[in-house]
Amino acid sequence: MEKENLINQIEESGQNQNRYNEKSENPCGEQIKIEGIKREVYESYKALMNSSVLGITIVDKEYKIITTNATFCELFKKTAEEFVGKYCYKEYEKRDDVCPHCPGRRAMISGKPEEAETLAVLDNGTRIHVRNRAIPFFSDDGTIKGFIE
């Protein structure tokens with residue numbers, strides 16, 4: 001009888017240990033989960049960016065282009081690499097400073113989406129009418145990092 005009690009205690013202890021291990025913060029296991037989630041989010045982001053019929057750019061708070069999607073590149077007849085790291089106002093309207101009507105600047109000030117209608121200028125001088133909507137994006141601590149246009 002005592003032997004059975006001892007066996008039961010050992011089995012219960014093992015079951016409790018297994019439950020603890022499943023719930024514990026295992027750095028290696030957590031890292032794998034985080035990497036999997038990051039990969040999933042990144043794949044979703046790529047699908048959203050690449051399937052949109054709207055031109056999308058992500059711009060930092062210094063007005064430098066972080067990334068752009070294929071639709072936007074087609075509109076300007078350039079590759080994404082030709083945009084990344086350059087100032088949006090130089091690329092979009094061939095200006096030397098931030099556009100006076102810039103919805104991105106207004107969005108970063110207000111913290112809310114802003115819109116503007118303007119004429120974009122292609123490298124060959126062609127002007128095209130565009131309606132821009134800029135949405136600010138924030139870091140984890142709530143500071144503005146830039147805008148999505």
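## Surface and basis of the model

About 10600 Å² of accessible surface is computed for the protein, and carbon and sulfur atoms account for 53% of that area (Shrake-Rupley method, 1.4 Å probe). The model is predicted: local features need pLDDT of at least 70 and side-chain atom pairs pLDDT 80 or more, while totals for chains, interfaces and linings use all residues. Residues are numbered from 1 along each chain as its sequence is written, and side-chain values use heavy atoms, without hydrogens and water.

## Fold and burial

The protein contains 6 helices and 5 strands (DSSP runs of H or I, at least four residues, and of E, at least two, numbered from the N terminus). Their order from the N terminus is α-α-β-β-α-α-α-α-β-β-β.

Of 149 residues, 29% are buried (under 20% relative accessible area, 1.4 Å probe, protein chains only). Contacts are heavy atoms within 4.5 Å; among those between residues at least 6 apart in sequence, 36% link residues at least 24 apart.

## The largest pocket

The largest pocket has a volume of about 530 Å³. A pocket is an open set of points on a 1 Å grid where a 1.4 Å probe fits, with protein on both sides within 12 Å along at least five of seven lines; lining residues have an atom within 4 Å of a point. The volume is the space filled by probe spheres set on the points, which are joined across faces, edges and corners.

Its lining comprises 27 residues, with G55, R131, N132, R133 and E149 nearest the centre. At least two lining residues come from each of α3 (70-76), α5 (88-93), β3 (114-121) and β4 (127-138), and β4 gives the largest share, 5 residues.

How values were computed
Buried < 20%, exposed > 50% of the residue type's maximum accessible area, 1.4 Å probe, protein only.
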